[in-house]
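Hi everyone, thanks for making time today. I'd like to walk you through a structure with you, so please have a look at it first.

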Amino acid sequence: MRTSTVSPSGDEDDRRVRAFQARIDAGEKIEPADWMPEDYRRTLIRQIGQHAHSEIVGQLPEGNWINRAPTLERKAILLAKVQDEAGHGLYLYCAAETLGVSRDELTAQLLDERMKYSSIFNYPTLSWADIGAIGWLVDGAAIMNQVPLQRCSYGPYARAMVRICKEESFHQRQGFDIMIKMAKGSDAQRRMAQDALDRFWYPTLMMFGPPDRDSVHSKRSIAWKIKFDTNDDLRRKFVDQTVPQADFLGLKIPDPHLRWNEDEHRYDFSDPDWGEFFAVIKGDGPCNRERLAARRKAWEEGEWVRDALLAHARKSAARRRQEKAA
Ligand code: 3HC
């Protein structure tokens with residue numbers, strides 16, 4: 001393992017940590033076989049694992065609409081998008097595995113609620129316009145957060161993010177396309193689009209994490225280039241990017257305090273309800289129980305597949321051993 005197996009003296013430890021930080025400061029990538037401080041490894045497992053779980057749980061609110069998509073074309077697009085999210089989860093589990101944690105262990109931690117997934121996926125999708133709002137806002141926020149992660153100091157995570165970001169851009173575009181159709185459609189469609197924006201606006205702002213004053217990990221993660229911006233900075237960038245898009249759609253951001261700040265050249269906006277955010281990440285959001293129940297059911301019902309794959313792998317290994325011995 002890359003982390004210290006012997007216990008070096010305090011001086012030796014400090015020297016290693018300084019050399020490690022110097023590599024990061026110089027823009028070098030840390031690879032799985034390299035030495036790394038235990039906290040760096042743990043922080044990455046936490047972030048990559050939560051990110052992977054978010055991709056997997058994130059299939060549920062949209063999967064809810066695959067059978068009800070309004071046209072065959074929309075259905076095909078939505079299916080492809082949901083399958084992409086599954087793929088993202090798998091790349092990310094693989095990236096986490098290079099840090100010495102198995103996918104089964106990460107899944108166990110999700111299912112017994114020791115690990116989180118993004119708060120946003122605990123909100124229900126009530127109408128087809130919600131699928132547009134998720135693509136436009138949720139994938140838009142995901143891109144804002146994830147594009148910098150392509151430069152993450154940890155090589156396997158950075159490389160996984162390259163493909164993920166390309167696919168997220170397609171997801172955002174398809175969501176905005178649904179919103180255009182709805183917002184420029186009949187009165188009823190416009191009302192649905194506005195209602196989706198009203199319900200998803202603040203939960204989307206929460207995706208960037210708690211306000212900087214409550215962010216426990218930001219400072220160290222930024223120093224390690226596991227994060228590049230603070231939560232509040234990314235939230236602000238997202239608002240600045242999204243308000244003109246809402247204007248283009250002719251929809252109103254549900255924030256009475258939203259205004260352009262000429263001096264600072266950015267929008268002033270209202271904070272989400274942070275009490276609600278902390279309740280959701282503690283398991284008390286509108287759909288937390290439903291989401292976890294769905295993941296537990298999938299895990300239990302997939303047991304025979306895992307058993308069959310293991311049995312096959314064992315049989316193949318035994319055959320290879322016999323062939324070698326012969
Ligand atoms: N939902 C759930 N938990 C959240 C959260 C959110 N939106 N924002 C923060 N938290 C949690 C943190 O995980 C941490 O809890 P922990 O100590 O138990 O792990 C706690 O709140 C304090 O927050 P911090 O700001 O200190 O945490 P981080 O520095 O890790 O920042 C983050 C949070 C910005 C989400 C960061 O982890 C990150 O950039 N992660 C990678 C990207 C990611 O996971 N995105 C999730 C969305 S994926 C997605 O959107 C799928 C796409 O298809 C749409």
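Let me begin with an arginine: R296 has a relative accessibility of 29%, so it counts as partly exposed. Before I go on, please keep in mind that this is a predicted model.

So what does the side chain of R296 meet? It meets the side chain of E113 in a salt bridge, at 3.4 Å from N to O. Distant parts of the chain are linked by this pair: E113 sits in the loop between α5 (103-111) and α6, R296 sits in helix α12 (residues 288-301), and 183 residues separate them. E113 counts as exposed because its relative accessibility is 51%, and the cut-off for exposed is over 50%.

Let me stay with E113 for a moment. E113 has a phi near 65 degrees, which is a positive value in a residue that is not glycine. K225 is another non-glycine residue with a positive phi, in this case about 55 degrees. You can find K225 in the loop between α9 (218-223) and α10 (231-249). With 25% relative accessibility, K225 counts as partly exposed.

Back to charges. How many salt bridges does the structure hold? There are 28.

Is D130 buried or exposed? D130 is buried, because its relative accessible area is 0% and buried means under 20%.

Some charged residues form a network here. Salt bridges with shared partners join E38, D39, R41, R42 and R220 into one network. R42, one of these, is located in helix α2 (residues 38-57). Its relative accessibility is 49%, so R42 counts as partly exposed.

One more pair for the list: R23 and E28 join their side chains in a salt bridge of 2.7 Å, N to O. Both partners are partly exposed, with a relative accessible area of 25% for R23 and 38% for E28.

Now to helix packing. In general, two packed helices are described by the angle between their axes and the distance between the axes. For helix α6 (residues 128-146) and helix α7 (residues 155-183), the angle is about 145 degrees and the axes are 7 Å apart. The crossing of α6 past α7 is left-handed. Which residue classes make up the contact of α6 with α7? There are 13 nonpolar, nine polar and two charged residues.

Last stop, the surface. W304, V305 and L309 make a nonpolar patch there, and together they have about 350 Å² of accessible area. L309 is part of helix α13 (residues 303-325). L309 counts as exposed because its relative accessibility is 57%.

That's my tour, and I'm happy to go back to any part of it.

Conventions. Residues are numbered from 1 along each chain as its sequence is written. This is a predicted model: local features need pLDDT of at least 70, side-chain atom pairs count only at pLDDT 80 or more; totals for chains, interfaces and linings use all residues. Side-chain values use heavy atoms; hydrogens and water are left out. Patches are made of residues with over 30% relative accessible area and no salt bridge: like charges are joined within 9 Å, nonpolar side chains (Val, Leu, Ile, Met, Phe, Trp, Tyr) within 5 Å. Accessible areas come from the Shrake-Rupley method with a 1.4 Å probe; for residues, only the protein chains shown count as cover. A salt bridge is a side-chain nitrogen of Lys or Arg within 4 Å of a carboxyl oxygen of Asp or Glu. Helices (H or I, at least four residues) and strands (E, at least two) are DSSP runs, numbered from the N terminus. Buried means under 20% relative accessible area, exposed over 50%, partly exposed in between (1.4 Å probe, protein chains only). Axes are lines fitted to C-alpha atoms, for helices over the stretch in contact, and angles run from 0 to 180 degrees between N-to-C directions. A crossing is left-handed if the near helix is turned anticlockwise from the far one by less than a right angle, and right-handed if clockwise. Ala, Val, Leu, Ile, Met, Phe, Trp, Tyr, Cys and Pro count as nonpolar, Asp, Glu, Lys and Arg as charged, and the others, Gly among them, as polar.
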